[in-house]
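Have the model open while you read.

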Amino acid sequence: MSKKTRKKSSKSPPKSAGGKPKAAKRLATKAAAGQSAKKTAAKRPAAKALASRTVAAKAAKKTPAKTPKPVGKSAPVLSEGQSAPAFSLPRDGGQTVSLANYAGRKLVIFFYPRADTPGCTLEAIAFSRLADEFADAGTAVLGVSADSVTKQETFRDKHDLTVPLVSDETLGMLKAYGVWGEKSLYGKTFMGIVRTTVLVDADGRIARIWRTVRVDGHADAVLDAARAL
């Protein structure tokens with residue numbers, strides 16, 4: 001073999017076992033790897049979505065949503081003009097108070113959610129402040145909640161309240177007057193007293209109802225209604 005032939009042979013590209021040049025094989029390998037990576041990337045969103053659904057399903061099984069008990073949902077809706085439901089309940093001071101005690105007189109009953117909470121305190125103080133003016137208008141005033149008599153007495157003493165505070169722990173009066181119902185606070189639903197005020201006339205009939213009461217100025221508005229009755 002001549003020197004020229006040997007030089008040409010040494011410059012020829014090396015071949016793989018299959019007879020293809022090594023450079024071409026490397027390119028084919030890269031292309032295949034790229035396609036595989038694309039397929040893998042395409043599968044990732046679906047895989048993540050499936051994993052998220054699986055985690056959510058497991059969480060739902062572990063912490064099922066709590067449904068509030070439908071207590072009081074069947075309570076009658078009180079209407080103006082109908083007879084005020086009768087009641088007989090304990091009040092602060094160890095006495096018992098009933099609707100019959102106020103026969104022939106006008107009566108304001110304000111239902112408040114809980115003793116010694118900010119809104120309830122302001123409301124009770126406002127009615128106490130106007131107690132003499134209600135009396136001049138021939139109108140008695142009662143505050144009612146589901147608190148115990150002991151809590152009502154602590155509430156009275158702490159804020160020098162002068163209106164009688166009635167305890168309805170069994171919820172009988174609250175349901176009869178339609179003020180025990182479903183409420184929500186900070187996204188949570190629960191059963192409780194919806195702040196309501198009822199004005200009963202001298203014949204024992206419902207003259208006015210204020211539902212979902214806003215405390216500011218409310219006692220004054222009720223006094224005006226009692227005077228006009």
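1. What volume does the largest pocket have? About 420 Å³. A pocket here is an open set of points on a 1 Å grid over the protein atoms alone, where a 1.4 Å probe fits, with protein on both sides within 12 Å along at least five of seven lines; the volume is the space filled by probe spheres set on the points.

2. This is a predicted model, with pLDDT of at least 70 needed for local features and 80 or more for side-chain atom pairs, while totals for chains, interfaces and linings use all residues. Residues are numbered from 1 along each chain, and side-chain values use heavy atoms, leaving out hydrogens and water.

3. Strand 6 (180-185) and strand 7 (188-193) each give two or more residues to the lining; strands are DSSP E runs of at least two residues, helices H or I runs of at least four.

4. Now the sheet: it is open, with five strands in the order 5-4-3-8-9 and mixed pairing (pairing takes at least two DSSP bridges). Strand 5 (165-167) and strand 9 (206-211) are at the edges with a single partner each, so one side of each has no neighbour in the sheet.

5. Threonine 197 sits opposite tryptophan 210 of strand 9.

Note on methods
On a 1 Å grid over the protein atoms alone, a cavity is a set of points where a 1.4 Å probe fits but cannot get out, and a pocket is an open set with protein on both sides within 12 Å along at least five of seven lines; lining residues have an atom within 4 Å of a point.
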